[in-house]
Amino acid sequence: MAEPATDTILVLNGPNLNMLGTREPEKYGHATLADVEALCRETAATFGLKADCRQSNREGELIDFIHEAHARKMKGIIINAGGYSHTSIALHDALLAVQIPTVEVHVTNIHARESFRHHSYTARAAFASLCGFGIEGYRLAIQGLAAKLGIKPKA
C-alpha cells in the first residue's frame, strides 16, 4: 500500500517541460524545471506542505501519478500538462476520478497563442487555471490551492 502523504501536494509537469530553460526561451523564459521545482517546494513549505514534483513526457505515466496522489491521500494537485492539456480526455477523466482539488498552470498565456491551444481539457477538471505568469504561476497556484484548502501561511 502507498505511504500516506496527507501533508503533500503533487506538482505535475507534462511533455517538454523538462526542456524549460532551453526550449523557446522567448516564450518560456530561461528558468529550468529544477527552478520550477525549487520554487514549488519553497512555496509549499510556507504553508507547512511538501511538494512532490514529477515530470513525464508520457500520458499514461502522468495518469499513474494522479492515481498515486489519490492512493496517498495528497491534499492537492498543481498540473501543467503541456500539450496534453489541449488533447487529453484521459487526463481530464483521471483528475475528475480522484476528486483532488486541482489548479492548472501554463507558463505562457495559452489564449494569446495558436487557436488549438485555446481549449484545455485539464482546465475543465480543475477549480482554477492560471496562464501567462511565467513560472511565477506555480507560486500563485500553490497559494490559491492553500486558500481553497483553508491553509494559512505558517509563521
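These are my notebook entries on a predicted model.

**Entry 1: two helices**

I began with helix H3, residues 59-71, and helix H4, residues 89-98. General point first: two packed helices are described by the angle between their axes and the distance between the axes. Here the axes come within 9 Å of each other and cross at roughly 5°. Angles under 35 degrees count as roughly parallel. H3 and H4 are therefore roughly parallel to each other.

Next I looked up which residues meet. From H3 I noted Glu-59, Leu-62, Ile-63, Ile-66, His-67 and His-70. Their partners in H4 are Ala-90, Leu-91, Ala-94, Leu-95 and Val-98. I sorted the residues of this contact by kind: eight are nonpolar, two are polar and one is charged.

**Entry 2: the cores**

Which residues have the most contacts inside the largest nonpolar core? I found Ile-9, Val-11, Cys-40, Ala-51, Ile-78 and Tyr-138. The whole core has 25 residues.

I went back to Cys-40 and left aside its neighbours within four places in sequence. Cys-40 is then in contact with Val-11, Ala-51, Cys-53, Tyr-138 and Ile-142.

**Entry 3: Thr-43**

I stayed in helix H2, where Thr-43 is found. Is Thr-43 buried or exposed? Its relative accessibility is 2%, and buried means under 20%. Thr-43 therefore counts as buried.

What does the side chain of Thr-43 reach at 2.8 Å? I traced it to the backbone oxygen of Leu-39. I also found a polar contact of 3.3 Å between the side chains of Thr-43 and Arg-139. Beyond four places in sequence, Thr-43 is in contact with Arg-139, Ile-142 and Gln-143.

I took one distance along the way. Thr-43 and Thr-6 are 37 residues apart in sequence. Their C-alpha atoms are 17 Å apart in space.

**Entry 4: Leu-20**

Leu-20 sits in the loop between E1 and helix H1 (25-28). I looked up its relative accessible area and got 6%, so Leu-20 is buried. Which residues does Leu-20 touch, not counting those up to four places away in sequence? My list reads Tyr-28, Ala-31, Thr-32, Leu-33 and Val-36. I also checked Leu-20 against His-30, ten residues apart along the chain. Their C-alpha atoms are separated by 7.0 Å.

**Entry 5: positive phi**

Most residues other than glycine have a negative phi. I looked up two residues with a positive value.

Asn-16 is not a glycine, yet its phi is positive, about 75°. I placed Asn-16 in the loop between E1 and H1. With a relative accessible area of 39%, Asn-16 is partly exposed.

Lys-73 also has a positive phi, near 60°. I placed Lys-73 in the loop between H3 and strand E3 (76-80). Is Lys-73 buried or exposed? Its relative accessibility is 54%, and exposed means over 50%. Lys-73 therefore counts as exposed.

Definitions and conventions:
Residues numbered from 1 in each chain as written. Predicted model: local features only at pLDDT ≥ 70, side-chain atom pairs only at ≥ 80, totals over all residues. Heavy atoms only, no water. Axes fitted to C-alpha atoms, helices over the stretch in contact; angles between N-to-C directions. Helix = DSSP H or I, 4+ residues; strand = E, 2+ residues; numbered from the N terminus. Parallel < 35°, antiparallel > 145°, perpendicular 65-115°, else oblique. Contact = heavy atoms within 4.5 Å. Nonpolar A, V, L, I, M, F, W, Y, C, P; charged D, E, K, R; others polar. Core = buried A, V, L, I, M, F, W, Y, C linked by side-chain atoms within 4.5 Å. Buried < 20%, exposed > 50% of the residue type's maximum accessible area, 1.4 Å probe, protein only. Polar contact = N/O pair within 3.5 Å; in protein donor to acceptor, adjacent residues only side chain to side chain.
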